[in-house]
Amino acid sequence: MKLLFPQKTAAWIIVLICILLVTLGCLIAVFTLRLFNSAQQSPAANEKRQHFVLVAGTHADIGFLKQVYEGALSVSDEYDAVVELLAPQSQADDVSIQTWLEYGAAVGASGIIAYIDNEKDIVAFPEDVHGNIVPLITIGKDNPESTHASFIGANTYELGQVVARAVTGILPEEGSVLTVVNSSENNEFTNQLLASMQEALVAYPRITTGILETGFNKELSQDEIIRRKLMNTPETGVVVCLSLDDTLRVAQSVIDLNKTGQIKIIGFHESEKTLEYLQKNILSAVISLNPVQMGKTAMHELFRYRKEGYANGYILSDISVLTQESLSETR
Amino acid sequence: MKLVESIKTAMNSVSIRRKLLVSFIVASGIMGLIVLYVVLIFGAVVDSVSVSYRTNAKLDAYSALLAQTESSLEQYMELRSFESIDTFDSTRAKLETATQEFTSFPSADEVSLLEYKVYKLVETFVGYADSAVYARRANTIGASDAAYVKAVKAYRFLTDAISQLNNCYFRRNIVQYNASLETVRKISLGCIGFTALIVLLDLILVLILVTNITKPLVEISGVAHRLAERDFDIPLFEIKTQDEVGNICRAFNRMIISIREYIDTIWEKAVQEIELREKEIKMSALYKDAQLKSLQAQINPHFLFNTLNTGAQLAMMEGADKTCFFIEQVADFFRYNIQQIDRDTTLQDELRIVDNYVYIMNVRFGSKFRFEKNITTSNVSVRMPSMILQPLIEDCIRHGLYDLPGGGIIALHIYEQDGYLVITISDNGKGFPPDKREEVLSKTAPSAEIGISSSVDMIADKGIGLYNVIARLRLYFNTPNVFDITANPDGNGTCFVIRIGNV
């Protein structure tokens, strides 16, 4: 048989095959080493972002803040930003909103979205070490003396109308409505809301309204006040709460008194707990200010301010009423 | 296929020593690579574990440096000492240098974001600290205190952030460590599989090589075994390799061929020896038979031979020269007859005894026949069995000319023709019957079984007769064509033809 290669060439081919085998072994080694190194590196370790935005608030509002944070996070890629939620998981770690603002300025945040739950709190643009202001967007309650790029909040009158519609939805003809108010804070907001609600309920003369102020009594805790009131007024058909804390307190009291279903509760603010109570039919409705949308809007306004130097000073948030039916529909 | 054939041919041209050396080097190289690979992998594992805890250790050192900076700042703000400002400046510089290792941009990664926060918080802390120091130097107490308060706040944020970062490092390191362990487990499995594959390939290569080397040896062993059992009918090796085994196979082939040739030679010699021995046995038997009969037949001639010598001496004393000559011729004839019966002789001696015999017969029968001798060759020294020609002359006289009243001619011609010495003895007698000729020639053929008894019978019938002559001639010259009986070419009668080759 005629050979394809002379013997010398064939010998070189054998040598070449050996070299290829060795090279293949080296490649496998390099590949496994890279595999090994890649296992040590976080995939996001080198993901560089241009901006850093803080969503800050107190522990009491963490449920609401989480949704605001989700909204802000959902649009963060548009602005090449990282969003971080600053809200202590425990009340023991709770800090004031002012501290968060100082912290935001110190860590070089591109902007801060702060939830203000007391209209008495006066906030201002924080300044960093170089004297540059950090854009601030506030949501929740607003103090006229505060300075910020933009405030996103509910129209109190509109909110009162929505609450009244929720009440008449539960009590179409007659009944007693009890509104729980924390008298130690936010009187103006509460008064405006109650006025708006009363105005709307004028058309329903057989629906009576009452107010439970929980902030004055220094000897009884707020939940005890609520429990006693509910025990003493068995005719109460609907309890309206104007804060997340009051919602949870009332719900707990109703559970304690074993009056679930008998006393209807209209809660305020959607949070994990309120949504859970809603699903369990402990709450009949939850007044929501659409915190996710608030977060998105806050991000848009914040970066508009960074880019153009101004933003919408006052933005009304949408108000919606969550019920068990609407919740099951959306989920 | 051609590539494989090329590689096979290249491998065949390599010596076993080199093949073994190369296979050892290749196997060692592969195992060495595997060991190196495993060492690299486990080195990386050790590195990863050490790196996991190195970050925490570095961060602890960084915290210490930060505490030193803050402490020196605090001392300076309280005491305004040179030592404290020197310490502040040096630790501050070190702190800023160390801070450069942190990520300087926001990131979605938790650790990187914390590093970024530390980076910015250090920047804030140092900025406020510098402002406080500058204001303190300028004795602007209000501004100094305000800046210092901010610096302290930043420091608190910083320590919290570092603590978080430390925890984060720790958590990440645990995750990485677990991931590394998982990767190590996978790589270990891969290593085992890879090593097993390579070892398997190595074994296959070695097996092929060893089979390649030992296969001819096994064949050689089998062939040697068959040779040891005297089986020489074995095929030769088809050797393509140029290595030591190839050389052994080629030498084995040559040895087998030599043994076969040697055996053939021995066999031929043995056959020849057997044939010669058989001839000798036959010749000896014939001679003994002939001698026996001759002795029996010639007791009287022997006695007469002695007596004739006495008579020849008496005739010479009385002056009867012719009688004396005759008696001497007769005596010579019988002496030759007795002495030469068991040995060969020359043609010349045969011719002499023929002359003696013819003289005697002429004295006995007178003019009954005439003897003609025509010898055209000088090559009369050729050797031949004794007592050949005289019995043929006798046969002519006794049988050919027996019934002829007179004028019988017996002719002896000796000449060379085509490398043969031809001796013809012819008579003009009644001739040889064809059936008798066939019988004589066939019974004296080499293949014919001429037993002692039959020979004795024939000799008894015809003395040292024609059968004996033909048989001895054929045995002596080892050819059946040495003798023939034909018709006399000069007319009636018989012609005996002896053709001796290679003269």
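**Labels and their cut-offs**

Analyst: In chain B, 72% of the contacts with a separation of 6 or more are between residues 24 or more positions apart; contact means heavy atoms within 4.5 Å. This is a predicted model, in which local features need pLDDT of at least 70 and side-chain atom pairs count only at pLDDT 80 or more, while totals for chains, interfaces and linings use all residues. Residues are numbered from 1 along each chain as written, chains are lettered from A and ligands numbered from 1 in the order written, and side-chain values use heavy atoms, with hydrogens and water left out.

User: Why is A:His269 called buried?

Analyst: Buried means under 20% relative accessible area, exposed over 50%, and partly exposed in between (1.4 Å probe, protein chains only). A:His269 has 4% relative accessibility, so A:His269 counts as buried. Among the residues that A:His269 touches are A:Phe64, A:Leu244 and A:Val286.

User: What makes the pair of A:His269 and A:Tyr115 a polar contact?

Analyst: A polar contact is a pair of N or O atoms within 3.5 Å; within protein, one must be able to donate a hydrogen and the other to accept it, and residues adjacent in sequence count only if both atoms are side-chain atoms. The side chains of A:His269 and A:Tyr115 make such a contact at 2.9 Å.

User: Which parts of the chain does the pair link?

Analyst: A:Tyr79 is in the loop between α2 and β2 of chain A, and A:Phe303 is in helix α9, 224 residues away. Helices (H or I, at least four residues) and strands (E, at least two) are DSSP runs, numbered from the N terminus. A:Tyr79 has 21% relative accessibility, so A:Tyr79 counts as partly exposed. A:Phe303, at 8%, is buried.

User: How do you know that A:Glu224 and A:Arg228 form a salt bridge?

Analyst: A salt bridge is a side-chain nitrogen of Lys or Arg within 4 Å of a carboxyl oxygen of Asp or Glu. The closest N and O atoms of A:Glu224 and A:Arg228 are 3.2 Å apart, so the pair qualifies. Both residues lie in helix α6 of chain A, 4 residues apart, about one turn of the helix. A:Glu224 has a relative accessible area of 23%, so A:Glu224 is partly exposed. A:Arg228, at 42%, also counts as partly exposed.

User: What makes B:Lys373 and B:Asp355 a pair that ties together parts of chain B?

Analyst: Their side chains meet in a salt bridge with an N to O distance of 3.0 Å. B:Lys373 lies in strand β2 and B:Asp355 in helix α9 of chain B, so the pair ties together parts 18 residues apart in sequence.

User: Why are B:Lys373 and B:Asp355 called partly exposed?

Analyst: B:Lys373 has 39% relative accessibility and B:Asp355 has 33%. Each value falls between the limits for buried and exposed, so both residues are partly exposed.

Methods:
Lists of a residue's contacts leave out its neighbours within four places in sequence.
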